[in-house]
Amino acid sequence: MSNRPSIWPYPALIAHRGAGKQAPENTLAAIRTGNSYGYKMMEYDVKLSHDQVAILLHDDDISRTSNSQGLAAELTLKELANIDFGAWHSDPFAGEPIATLSSIAAYTLANGIHSNIEIKPHTGLEAVTGAEVSRLAQKLWSGASLPPLLSSFSEVALEAAQKTAPNLPRALLIAKELPDNWQERVQRLGCIGLNLNNRYTTQAIVQQIIDASFTLAVWTVNDAARIQELRNWGCHAVFTDEVHSISPAAFNEYSIQSHASPL
Ligand code: G3P
Ligand code: MG
């Protein structure tokens, strides 16, 4: 292994949606839970409320992860603050409030936790969400040891983030097969790399990305042997839900080296 600095300065194991299975996904409770299991990097999904506040939420509609219903993009933060985002998961989390990006920044920064902010725009709000989330992230993380990694399936959102906060690192999320023109797309968006779906990730694909000196993180892997296999192939990081049974310490011991410049 060479002495070149790694292009991936973050931990190798990332808690998906916070600890999104052990606790209600994308809430402060989920992130606290991930932290309690030793996870020092969290992925969470961010979109905008009706009054343009960056909030943590996966779906456009709040019905799956709350005791209410409706589109988050049609509800103000004040309205969302009256809704329970924890009881749907289990009784101990009843009353868990919606998380804002600001509140999560405060908690993660105070606890030495790194962030992958997945920009998950409500359909039709890609550009405004990419711009606002990156603007706020730049402000909130201005004194941080490492910036948050921004990622999105939406190239429009990533383009807006690039324009608004060009110095924040970005990764392109790919839902299914890696397209032939991936390198052109990643370069156009000024991304440091790709976040790929585990189901479509082969050793040849990993090799291709690593050889081109881009970062690679793979989601969502809940099997320790598969995580080890991906790491052995050269993946920089893996997202997991299995925070209670897979220790990040086992996968952080070595870092993958590459030819690209560090962040
Ligand atoms: O960012 C990785 C992963 O979270 C993407 O899929 O649907 O869980 O947000 P999803
Ligand atoms: Mg996500």
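User: How do the residues of the shell around ligand 1 divide into nonpolar, polar and charged?
Analyst: In this predicted model, the shell has three nonpolar, two polar and five charged residues. Here Ala, Val, Leu, Ile, Met, Phe, Trp, Tyr, Cys and Pro count as nonpolar, Asp, Glu, Lys and Arg as charged, and the others, Gly among them, as polar.

User: Which residues are around ligand 1?
Analyst: They are His16, Arg17, Glu43, Asp45, His58, Glu118, Lys120, Phe153, Leu173 and Trp219. To be near the ligand, a residue needs one heavy atom within 4 Å of it.

User: What distances do Glu43, Glu118 and His16 have to an oxygen atom of ligand 1?
Analyst: For Glu43, an N or O atom in the side chain is 2.7 Å from a ligand oxygen. A polar side-chain atom of His16 sits 2.8 Å from an oxygen of ligand 1, and one of Glu118 sits 2.9 Å from a ligand oxygen. A polar contact is a pair of N or O atoms within 3.5 Å; inside protein, one must be able to donate a hydrogen and the other to accept it, and residues adjacent in sequence count only if both atoms are side-chain atoms.

User: How much of ligand 1 does the protein bury?
Analyst: The protein buries 92% of the 290 Å² that ligand 1 exposes when taken alone. Areas come from the Shrake-Rupley method with a 1.4 Å probe, and for residues only the protein chains shown count as cover.

User: Back to Arg17, where is it, and is it buried or exposed?
Analyst: Arg17 is in the loop between β1 (13-15) and α1 (28-36). Arg17 counts as buried because its relative accessibility is 18%, and buried means under 20% relative accessible area, with exposed over 50% and partly exposed in between (1.4 Å probe, protein chains only). Arg17 also has a positive phi of about 55° although it isn't a glycine. Helices (H or I, at least four residues) and strands (E, at least two) are DSSP runs, numbered from the N terminus.

User: What about Asn26?
Analyst: Asn26 isn't a glycine either, and has a positive phi of about 55°. Asn26 is in the loop between β1 and α1, and is buried with a relative accessible area of 3%.

User: Pro24 next: what does it touch?
Analyst: Pro24 is in contact (heavy atoms within 4.5 Å) with Ala30, Phe85, Gly86, Trp88, His89, Phe93 and Glu96, leaving aside neighbours within four places in sequence. Pro24 counts as buried, at 0% relative accessibility.

User: New topic: how many residues are in the largest nonpolar core?
Analyst: It has 54 residues, and those with the most contacts inside it are Tyr44, Leu101, Ile117, Leu194 and Ile209. A second, separate core of 13 residues includes Tyr10, Met41, Leu146 and Trp219. A nonpolar core is a set of buried Ala, Val, Leu, Ile, Met, Phe, Trp, Tyr and Cys residues joined through side-chain atoms within 4.5 Å.

User: What's the peptide bond from Trp219 to Thr220 like?
Analyst: That bond is cis, with omega near -25°. Thr220 lies in the loop between β8 (215-219) and α8 (224-233).

User: And what does the side chain of Thr240 reach?
Analyst: The Thr240 side chain reaches the backbone oxygen of Val221 at 2.7 Å. Thr240 is in strand β9 (residues 237-240) and is buried, at 0% relative accessible area.

User: How are things numbered, and which cut-offs apply?
Analyst: Residues count from 1 along each chain as its sequence is written, while chains are lettered from A and ligands numbered from 1 in the order in which they are written. Local features need pLDDT of at least 70, side-chain atom pairs count only at pLDDT 80 or more, totals for chains, interfaces and linings use all residues, and side-chain values use heavy atoms, leaving out hydrogens and water.
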